[in-house]
4 protein chains.
Amino acid sequence: MIIVMRQGAAKKELNEVLKRIRDLGYKTHIIHGVERDVIGAIGDERGKARLQSLESLSGVEKVVPILKPFKLASREIKTEPTVIDVGGVKIGGEGFVVIAGPCSVESREQLIETAIAVKKAGAHILRGGAYKPRTSPYSFQGMEEEGLKLLAEAREATGLPVVTEIVNPADAELIAKYVDMFQVGARNVQNFALLKVLGQIDKPIFLKRGMMTTIEEFLMSAEYILAEGNRRVILCERGIRTFERATRNTLDISAVPVLKGMTHLPVVVDPSHAAGHWQYVLPLSKAAAAVGADGLMIEVHYRPEEAVSDGLQSLKPEKFRELMREINPFVRAAGRTL
Amino acid sequence: MIIVMRQGAAKKELNEVLKRIRDLGYKTHIIHGVERDVIGAIGDERGKARLQSLESLSGVEKVVPILKPFKLASREIKTEPTVIDVGGVKIGGEGFVVIAGPCSVESREQLIETAIAVKKAGAHILRGGAYKPRTSPYSFQGMEEEGLKLLAEAREATGLPVVTEIVNPADAELIAKYVDMFQVGARNVQNFALLKVLGQIDKPIFLKRGMMTTIEEFLMSAEYILAEGNRRVILCERGIRTFERATRNTLDISAVPVLKGMTHLPVVVDPSHAAGHWQYVLPLSKAAAAVGADGLMIEVHYRPEEAVSDGLQSLKPEKFRELMREINPFVRAAGRTL
Amino acid sequence: MIIVMRQGAAKKELNEVLKRIRDLGYKTHIIHGVERDVIGAIGDERGKARLQSLESLSGVEKVVPILKPFKLASREIKTEPTVIDVGGVKIGGEGFVVIAGPCSVESREQLIETAIAVKKAGAHILRGGAYKPRTSPYSFQGMEEEGLKLLAEAREATGLPVVTEIVNPADAELIAKYVDMFQVGARNVQNFALLKVLGQIDKPIFLKRGMMTTIEEFLMSAEYILAEGNRRVILCERGIRTFERATRNTLDISAVPVLKGMTHLPVVVDPSHAAGHWQYVLPLSKAAAAVGADGLMIEVHYRPEEAVSDGLQSLKPEKFRELMREINPFVRAAGRTL
Amino acid sequence: MIIVMRQGAAKKELNEVLKRIRDLGYKTHIIHGVERDVIGAIGDERGKARLQSLESLSGVEKVVPILKPFKLASREIKTEPTVIDVGGVKIGGEGFVVIAGPCSVESREQLIETAIAVKKAGAHILRGGAYKPRTSPYSFQGMEEEGLKLLAEAREATGLPVVTEIVNPADAELIAKYVDMFQVGARNVQNFALLKVLGQIDKPIFLKRGMMTTIEEFLMSAEYILAEGNRRVILCERGIRTFERATRNTLDISAVPVLKGMTHLPVVVDPSHAAGHWQYVLPLSKAAAAVGADGLMIEVHYRPEEAVSDGLQSLKPEKFRELMREINPFVRAAGRTL
């Protein structure tokens, strides 16, 4: 941690700051600059709130953190990439993994038909929401346990592992009975009560970046799960909120190489939520394969114009088959296999 | 809802769209424009996902919603302002209400000393966090039930009603035993599982806007609580995330008059989290009083440089006394009393 | 400037960085931390691009600037506030200055009628655009010199100094003949060719913050004008672009105290462009007076529903009179006079 | 244009709005909804400021534009893609075009060495800035005409066409003597005085999107140039400003397919400015090729650690050679040739 003193700060103020830093267990090192002094506080700065609070002392201009605030998620701790097994499908290895299915589980027919279609097109994992975090209380809130049962049935029918979203820590045990992977949605990325519960569960966690989450905060959310003991976290970039409204969110494609440089965890891209329009899902999927992502999550619905949620961004099964075919050369150019 | 057809859409496409709209129970009304046709879908559009999904039909350019998606929070339903009683203190009426206290409950001494100081300075409600949603798993996570007990003790000592944050729906019953009002933090504003539980509780809810929540989404989150039966929701503007980093967040001061025009619920401003630096808390508090807010939430700590969280944005008791004195002319100019 | 080395950087890499820093004329100072080394580069870091480029050297993690990049605009150079005379009206002193008038000069009748009305209501300076930077090439582009003549005529008729926007450096001489102050619009805040020309002119400059400009970049733009010799720059906060669309822009009210802490230049608020809706202009004007701004710029049009630009955010003369009356207690509470 | 009336608006208010719309030359069409009335204003809404101003009339809730505000840039006017010839290199056709070179022209040696290196690696066009729009007045401002001469010399030496940035309309004639294409930088994207001058010039224009320019505003800026008669505009996505700071800007990769759907103009990606770190330039270049861009603009410097600007995001010549080799399979997968 670097503490920058104000120009003209008094000797007494400097001494008070030095004393405080030492009281907190850090060594100090002063650089006398041309205009002002700068103090290096040497020591582990994680859990650094008390050091940061020194910024309120008289004579201090600002406190600049130097170390990354996460450990277990970091490439500095574990340099080789983590490969995670989801019901037999490996994410983060040589294979490029495609997770596909409807936004919400709406009915037996809808789920099973869509599941068979995505399986046939080459998808590796089936998605489907049984508990839906909807902006409006008047929107469809999900089929809940009934939906979980249909997901299990779809797995029987197709052999595809299944992933579903959890929104309440109290549902963890029930959901674990039915699915192969838990998804944490963008709105819950800093729902720390939920993350802690998932850190104690013996299933992989598919963690979506929030609309307003920086990459560093995103890794801190992963760290919550890792710190509780669950080391199987898959990160998903799904678009951030910006001023641009031509797309539902702005896909932060750079987040993939940035994350790859900072963490050993796998990184998947969700172009459906990012774009919000099915027309853009194919080009963004190619870009995701090219930039080095470990896979995709794609919304597919057998009749998008009747979907109770996200119809506009869902692909029809034939469009999804086309996508699987058209991304293939890009997946291979990236040295992966579909 | 307005459905805009593409330029050159075929007659057959238009007819298909018209049929779908009618099948969903809406009346249709066509405007033949110079370049394209526009269809009005007449009927209540709340729970409108299926109408929105029509955007995926061939020939449709876009679907434009016309009605606001919330009802119970709306001024159109209830024109007079809602006044909410919090342990005897009325928020939303003639009085300008100041909620003050530390970010986290850290110890008996810290809480009681600070509580007595803010009471003496004229604060109306005491705040203090017992469950802390921290970005880092390695930061202090709160004193939990021990903290709730200290809050109750501080209420005894000062007569101030108390408010604390809830982060897990499972804690609702326990917290309700100790406090006068629940707070929902910015990171949980779209934690719908939590909002639904709070909608069934017989205490007022202090709902903070998220860092990236639009005003409309914010009102939808309030609507979740209202729709479950709890009509006592207080809205809090606390800064949104933007590109500017000179302040921790950007206080969206315009949100106060915008919300006042859209809803009957009280609106409070939290300048401490918005600014992130104690120096800006006083001028922003004056601005909040002037713009028409119903009150303030201010972080006060008896020794900010030792705070385990948010020390930089906390006022010392003497600075808080100064604030109470200096905002008074602005509160009176706004036709309110402190 | 602080140079943070990567964890595990080689001794040779460190030495190479040290050599480069010294070659650029800076002294070096090393702090050996627990996990990595940190180098202080001691010396003036303005014009620091070459130091920043060291970030591309092997073994370097990041380069952190310590000093503010502006000088002449800084409070560290000049602690007392700058008061600027605009045709006899002082901005930045005890008086709270209101600049009012139409967005565009549209006709003789429109300008003169509006000018007389704002003068009568108590405005101090008249605004009116003769050169309009419009998003669309098909929108009204301004009356140009004809508009300048009408502004001069309005000054004759009312005694109010006038301000108008410049969009092309080539127009500077012509405009200088007619007006008392130049305005630089938000879209030109980093039009450095324009700023340099205005730095050589003997008139005050009213510099609007851009929609995408950080406070530091805004001060760097002021520095361009100051560095050329023109020390009369007035800063104007007019809203930044964020994800929120309930208002046209988001008024960054915190920018006022932040700027007041960083610079000696006067700071004015434009609530009309920030809000984009006339209903919010009054509450935001009160907030601006309360937060410590030196004045306001308000759009007034005698018939807003007929305005060729910005009709929605323009006040009618009677609404403007009401505003002047209603902000008065807030101006006085702030220790200023209207 | 759709005009939405307020709930409970009076018959008289509705009639007044209808009259105004007709007075402006539009036909009206009323839809009587369940809660409120909606009026369709039928006619060309470009130059629509007066219609938009109706939003300030009593009884009006909001005005919703339906048509796109641009014409000449639109795919609806010209469906086939525009191919632009830049000194013999075709942009927008089957070839994938790479523009490369230093941020600033710094010296004869620097430019010529870099030019020869990028030519050898396979670049098609040389870039280099002679007039530099720098945030700080104390940073290097460019070699000006001397730099232009060096660019012409580099073209002689390599056969590569050259592009350079213009920052002042007054320089247009001089620059036209030396270069094959003009670049408009991100900060000047809404410098309409500059755009108008470039619309009258007989050279292609390389127009960069601003950091906070929406895609629609970006196309309106292109429309300014097209409307003046110059139909050779190339659009460049170079990252937008968001809350994320891990990269200098956030590359809006979705803008490529969005633009391709809206306009016939070529779209190029600049990953160097978007990322701000040379490490991310290669993966983002692959993504740009995959998503369907027509080419790349890449910063290359023979000694990045000595660059006077943008050293951190510049590739060394050997890294650039590697990039040309590694993007090739992605370019081919996209059906283009390098």
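Where chain B meets chain D, the contact draws 30 residues from chain B and 29 residues from chain D, contact meaning heavy atoms within 4.5 Å. This is a predicted model, in which local features need pLDDT of at least 70 and side-chain atom pairs count only at pLDDT 80 or more, while totals for chains, interfaces and linings use all residues. Residues are numbered from 1 along each chain as its sequence is written, chains are lettered from A and ligands numbered from 1 in the order in which they are written, and side-chain values use heavy atoms, with hydrogens and water left out.

Together, chain B and chain D bury about 2400 Å², with 61% of that area on carbon and sulfur atoms. Buried area here is the accessible area (1.4 Å probe) that two parts lose on being put together, summed over both. On the chain B side, Ile31(B), Ile66(B) and Phe243(B) provide 25% of the area buried against chain D, more than any other three residues. Two salt bridges are counted between chain B and chain D, a salt bridge being a side-chain nitrogen of Lys or Arg within 4 Å of a carboxyl oxygen of Asp or Glu.

Now to chain C and chain D. Their contact takes 54 residues from chain C and 53 residues from chain D. About 4500 Å² is buried between chain C and chain D, and carbon and sulfur atoms give 53% of it. From chain C, the trio Tyr138(C), Arg241(C) and Glu305(C) supplies 15% of what that chain buries against chain D, more than any other three residues. Six salt bridges are found across the interface of chain C and chain D.

Side chains of opposite charge can pair when their charged atoms come close. Over all chains, the structure holds 88 salt bridges. Here are some of them.

| Lys or Arg | Asp or Glu | N to O distance |
|---|---|---|
| Arg36(B) | Glu76(D) | 3.3 Å |
| Arg20(D) | Glu306(C) | 3.4 Å |
| Lys260(B) | Asp294(B) | 2.5 Å |

Helices (H or I, at least four residues) and strands (E, at least two) are DSSP runs, numbered from the N terminus.

Let's turn to how helices pack. In chain A, the axes of helix α3 (residues 108–121) and helix α11 (residues 317–333) come within 9 Å and cross at roughly 20°. Axes are lines fitted to C-alpha atoms, for helices over the stretch in contact, and angles run from 0 to 180 degrees between N-to-C directions. α3(A) and α11(A) are therefore roughly parallel to each other, the term for angles under 35 degrees. The crossing of α3(A) past α11(A) is right-handed, with the near helix turned clockwise from the far one by less than a right angle. Ala117(A), Val118(A) and Ala121(A) of α3(A) touch Pro317(A), Phe320(A), Arg321(A) and Met324(A) of α11(A). By class, these residues are six nonpolar, no polar and one charged; Ala, Val, Leu, Ile, Met, Phe, Trp, Tyr, Cys and Pro count as nonpolar, Asp, Glu, Lys and Arg as charged, and the others, Gly among them, as polar.

In chain D, the axes of helix α3 (residues 108–121) and helix α11 (residues 317–333) come within 9 Å and cross at roughly 20°. That makes α3(D) roughly parallel to α11(D).

Among the contact residues are Leu111(C) and Ile112(C) of α3(C) and Leu150(C) and Leu151(C) of α4(C). The contact of α3(C) with α4(C) has seven nonpolar, one polar and three charged residues.

How values were computed:
Angles under 35 degrees count as roughly parallel, over 145 as roughly antiparallel, 65 to 115 as roughly perpendicular and the rest as oblique.
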